[in-house]
Amino acid sequence: MIGQRDAQVPRDPSERIDERAVACPFRLRDEPSLGVGSSVFGSQARTQRWRIHRNRTVHIATLGAREGAAQVRGSVPEVIRTLLTRRWLAALAVAVLFATACVFLGRWQWGRHEYKSARAHQVQTYYSAPAVPLTQVLPDPGSPLPADQQWRRVTMTGTYSPNDQLWVRNRPQNVVYGYEVLVPLRLADGSTILVDRGWVRNAERADILPSVPPAPSAPVQVTGWLRPGEASVNTGLPRGQLGSIDVQQAAQELGTPVRPAYVVLEAEDDGSGATPARPAPLLAPDTDTGPHFAYALQWWLAAPLGFVLVAVYARREWMDATGENARRRERAAGRPKKTRIWDEEDA
């Protein structure tokens, strides 16, 4: 009877429950199938059998979970004792150092990303913007260029000093090295600002300067982009040559004060109606932010890797030392192969 089978449901956790019967509970192998005429009673029987096997499955799963939790609670202190040995403490110290290095390297890459992003935004904002008078950005001859005004497009009027032309060495353009040509421009207020008129390829010999078109001698209106001076490098060069666009060193070469910024030439208008000849224009600034954002994420995601490796290998060592791995292999070898009910019926 159905009620008697329910009363005889075993509660021993060691009893093996056939998962195949649970997966297909409409007929047990030890119970006869119902005939076609018993559809009403058959439906009730199938429902009752499903409840029996569901209760068995839940009972066994609960006991198994309890045994697994007890085993985990017992193994955690053992794993901790394994980690407290000298060898694993040294491994943990290495993992801490590795994580610290990853965090700082990630922050450095993030800083580079923020710097390049801000620079790219500033270039894109000012490079094609309408030009403003130079005195609006640098009102006094000694006014430094504010950081948020770099690459500002400005216009000014003055007179070049072609005889005081300066050459900046080792300046690359399209993977070719050459010179950038600086010419001082005397403004109406008597101050002087350097104008970078462009780039020219190196001559065949290092002791010979290349030939470039001279700057206009008549008053000229100049439009270009403001740039701050560079740090001084490679001093001790021949007269008239610079290792970088160092405005202070340029002032020493010229023997006259210059504004603490220079202008990258965009266009000149000398009133003749023709465009004055000039060296090759400089390339537009690079606005690529680079892979620094991805590098920062990679360093930060790699920070916990050392701790993960220590935990995995320490647990493996503990399982080998306590024989847990061997017991698991034995249990796996003794577990019978599952056979589906319909396979047995076909046989």
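Author: Buried means under 20% relative accessible area, exposed over 50%, and partly exposed in between, with a 1.4 Å probe and protein chains only. This is a predicted model, in which local features need pLDDT of at least 70 and side-chain atom pairs count only at pLDDT 80 or more, while totals for chains, interfaces and linings use all residues. Residues are numbered from 1 along each chain as its sequence is written, and side-chain values use heavy atoms, with hydrogens and water left out.

Reader: Is glutamine 241 buried or exposed?

Author: Glutamine 241 counts as buried because its relative accessibility is 9%. This residue is found in strand S7; strands (E, at least two residues) and helices (H or I, at least four) are DSSP runs, numbered from the N terminus.

Reader: Which residues does glutamine 241 touch?

Author: Leaving aside residues up to four places away in sequence, glutamine 241 touches Trp167, Arg169, Tyr179, Leu209 and Glu253. Contact here means heavy atoms within 4.5 Å. The side chains of glutamine 241 and arginine 169 are also joined by a polar contact of 3.2 Å. A polar contact is a pair of N or O atoms within 3.5 Å; within protein, one must be able to donate a hydrogen and the other to accept it, and residues adjacent in sequence count only if both atoms are side-chain atoms.

Reader: Glu253 is in that list. How many residues of helix H6 are buried?

Author: Six of the eight residues of H6 (residues 247–254) are buried. They are Val247, Gln249, Ala250, Ala251, Glu253 and Leu254.

Reader: What covers them?

Author: The cover includes S3, S4, S5, strand S7 (241–242) and S8.

Reader: And what is found at the start of H6, and just after H6?

Author: At the start, a side-chain oxygen of aspartate 246 comes to within 3.3 Å of the backbone nitrogen of glutamine 248. Just after the helix, glycine 255 has a positive phi of about 75°.

Reader: Changing topic, how many residues are in the largest nonpolar core?

Author: That core has 25 residues, and Leu134, Met156, Tyr160, Leu185, Ile193, Val222 and Leu226 have the most contacts inside it. A nonpolar core is a set of buried Ala, Val, Leu, Ile, Met, Phe, Trp, Tyr and Cys residues joined through side-chain atoms within 4.5 Å.

Reader: Which element gives the largest share of this core?

Author: Strand S4 gives the largest share, five residues. A second, separate core of 16 residues includes Trp151, Leu182, Ala250 and Leu254.
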